[in-house]
Amino acid sequence: MRILHVATLIVGLFSSSPVLADEPLIGPDFGRNIADGFAIPVTTEFSAATENLAASGTALCTTPSPQALNSMRESFADVVTTWGELSVLRFGPLTSENRYERLFFWPDPRGVILRQVQEVLAEQESTATSADTLAEKSIAVQGMPALEYLLWGSGAEQLATGDDAFRCNYAAAAAENLHGLAVEIEDRWREGSDFHAAFTEPGPDRELYRDNREVANEFVKALATTLQFTMNAELGPAAGESLETAAPRRAPLWRSDLTFQLLAAHLNGLDRLVAATQLEDTLGLNAATVVSTLRFDLQSARDALLSIETPVEAAFYDAAGWEKLRYAGLTIGYANTTVHDMLTGAIGLVMGFNALDGD
Amino acid sequence: MRSTAIDRRTFLALAASALGQTSLGWASELPSQALYIGARRVGQNYEAAIIDERGKDQLVLPLEDRGHSFAIDAEGNRAVAFARSPGRFAVLLSLDGSTEPVALPVDPERHFFGHGAFGSNGRLLFATENDYDAGRGVIGVYDVAGGNRRIGEFTTGGVGPHEAILMPDGRTLVTGNGGILTHPDYDGIDLNLADMRPSLAYSDIETGDLLEVATLPPALHQLSIRHLAVSADGAVWFGCQHQGPRTERPPLIGRHRRGRDIELFFAPPDVLRQMDNYVGSIAVDRSGTVVAAASPRGGMIAYWDATTGRYLGMQQLADGCGIAPLGEQSLLSTSGRGAIAVTGPDRFESLRPEDRTAPEWDHHLRLVI
């Protein structure tokens, strides 16, 4: 049985529509709650985690050792966790200037990352060893999946011995580039920035968000997009139709064994996002139940992924591991259905039949 | 597949009866009966429906899954209903209901994007398809005169081809290459958002040769060219979907003439904003001098003068996307909320208000004859 595919969702929100609720169902602080309760904390966490990563990269290249390599790998794992949570804010600062793709180019069904990173290594391309020039190169060679290959892929052990200074300098530059992007995102969500002002105080004079419905629409799309991406771009293609057709190397970050940590972080990020809205406290009982149900499913999927103790590659081939993945996939599907069928109505938005991307 | 084919006599009787009921209050725009075809959802079922100019059902045929658009032959005798992308079916329909629908063969290594066109003599059908493992767009060629076989394919010169239409010369096919790389294993995921190269491509349908590829300036590389219509003067008009962030509000309507650069046309800022970076379909009026673009996400249809490129106005139609030529300065329009209306730059006449129990019309409405 195929694990699941998650459908796209687009909602419409035009107040002229007679089928919309007459009263906004969300409070005036909706955007501010998200910004203060989730976006600002998580962008700050990501900025700090990438700063640590960049520092550990510098340290590794200055004084190579197994401990220094281990330290950089641990910093990378922390970055993955905070990234997984931040990535759910797939709008505004994170999507401008292709920041999402530069941070985490995925999916990569044709193996572009591996091919291009290996080319950079083989050619010892000097533009890859400073963050500024690396940022100008292909997005496939500068994000977290590329850095993961440098830290865990074939030849990574030479980082510990100092025998591959080029690779180390490339990894350090990649870390610094990630931190630069993290700071840009942090700055754009900061209190006082244009984006923060538009998101937290939407108004008729704002170009970006004119009212809270538009902010709520962004929130719902963020939920739906993340669930779809987690399932259809990250978990589903690797899990395949069955245990027999699983292909774990199609999962992101399998080399570092961080796949499930990444996926769990997406779900945890969504749970934090939903919690930050305070919808459970502000909506009526029925609508609050929808939110509770959604959060329960997000947490269940997250916990199922985190409970897998088998290494990533083995887990996809292992009956017990695959069963947990299937459960996580089903639960992500339930969460997606809740968002589609219930949450939109609970907060006063209307589904569009014709507004899907790509048609 | 279940069939509800009816015989030609029944069909014509139905058509005559429906037309007879529409005389009251109806200032006829056309001397003859015009018929339209669209895909729609009724409850959990999908169907292709032929309606008249007043939006009345004339013939309904079931589809196995959600449909998208249709190719219609020059005589209005046959149509091919395409599945919504990533589509796995295309069905040849007899529009007089005289023969059973026939499923066209599907290449297991390809999927449909939902659009296609007949060649001028009606013998061949051309469909936009995804050669997904190679990551390139192709036009699949089907012999619909003998055996309904897939007899070949040729490149579209880009990725993610969406709508393709036959030019008035009867020999050139123009294709909107949306530029978005997709793969059915990654449902709904754009694989090349940062590296899109949309284009408008002209192909010779007799040789498959790529004749010309028109592209947008690099700054607009995320402006996906998707839907097409030809105006009376032979220019190709296209509607776009912007894949970049909502802080960007590029123009969504363009015009191209062979051998020239693409021209883009703005709408007033508030109109452009309401369109929400998304045009779902494009059509011209009967005279071919007014271009209409529907934005279901914006719940609206906007109009341009096909000669001057001047913006003419807009009408609200919630989740409206089906638009097809009706009269001068008017289009028959359908919505995902069941509404049917006559719309134009200065006109809005509701034929059927939106209704939760009514069929939900999908993206495209096509003029049959």
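What follows is a chat about chains A and B of a predicted model.

Biologist: Start with chain B. How many helices and strands does chain B have?
Modeller: Chain B comes to two helices and 28 strands.

Biologist: How much of chain B counts as buried?
Modeller: 63% of its 369 residues. As for the surface, chain B exposes about 13400 Å², with carbon and sulfur atoms supplying 49% of that.

Biologist: Okay, strands. Why is β13(B) described as largely enclosed?
Modeller: Because six of the six residues in β13(B), residues 172-177, are buried. In a regular strand, side chains alternate between the two faces of the sheet. In β13(B) both faces are covered: T172(B), V174(B) and G176(B) are buried on one side, and L173(B), T175(B) and N177(B) on the other.

Biologist: Which strands does β13(B) pair with?
Modeller: One is β12(B), residues 161-166, which pairs with β13(B) in the antiparallel sense over four bridges. Another is β14(B), residues 199-204, also antiparallel, over six bridges.

Biologist: Which residues stand opposite L173(B) and V174(B)?
Modeller: L173(B) has L166(B) opposite, while V174(B) stands opposite Y202(B) in β14(B).

Biologist: What about the hairpin of β12(B) and β13(B)?
Modeller: Five residues lie between the strands, and G170(B) takes a positive phi near 75°.

Biologist: Now β16(B) and β17(B). How many bridges there?
Modeller: Seven, in the antiparallel sense. S224(B) has Q241(B) in β17(B) as its bridge partner. That hairpin has five residues between its strands, with G234(B) at a positive phi near 90°.

Biologist: Is β16(B) mostly covered or mostly open?
Modeller: Mostly covered: eight of the eight residues in β16(B), residues 223-230, are buried.

Biologist: Switching to chain A. Where does L223(A) sit, and is L223(A) buried or exposed?
Modeller: L223(A) is in helix α10 of chain A, residues 212-239. L223(A) is buried, since its relative accessible area is 1% and the cut-off for buried is under 20%.

Biologist: What is L223(A) in contact with, leaving aside neighbours within four places in sequence?
Modeller: L270(A), L273(A), V274(A), L294(A), V339(A) and L343(A).

Biologist: And how far is T277(A) from L223(A)?
Modeller: Their C-alpha atoms are separated by 12 Å, with the two residues 54 apart along the chain.

Conventions:
Residues numbered from 1 in each chain as written. Chains lettered and ligands numbered in written order. Predicted model: local features only at pLDDT ≥ 70, side-chain atom pairs only at ≥ 80, totals over all residues. Heavy atoms only, no water. Buried < 20%, exposed > 50% of the residue type's maximum accessible area, 1.4 Å probe, protein only. Pairing = 2+ DSSP bridges. Contact = heavy atoms within 4.5 Å. Areas by Shrake-Rupley, 256 points an atom, 1.4 Å probe, with all protein chains shown as cover.
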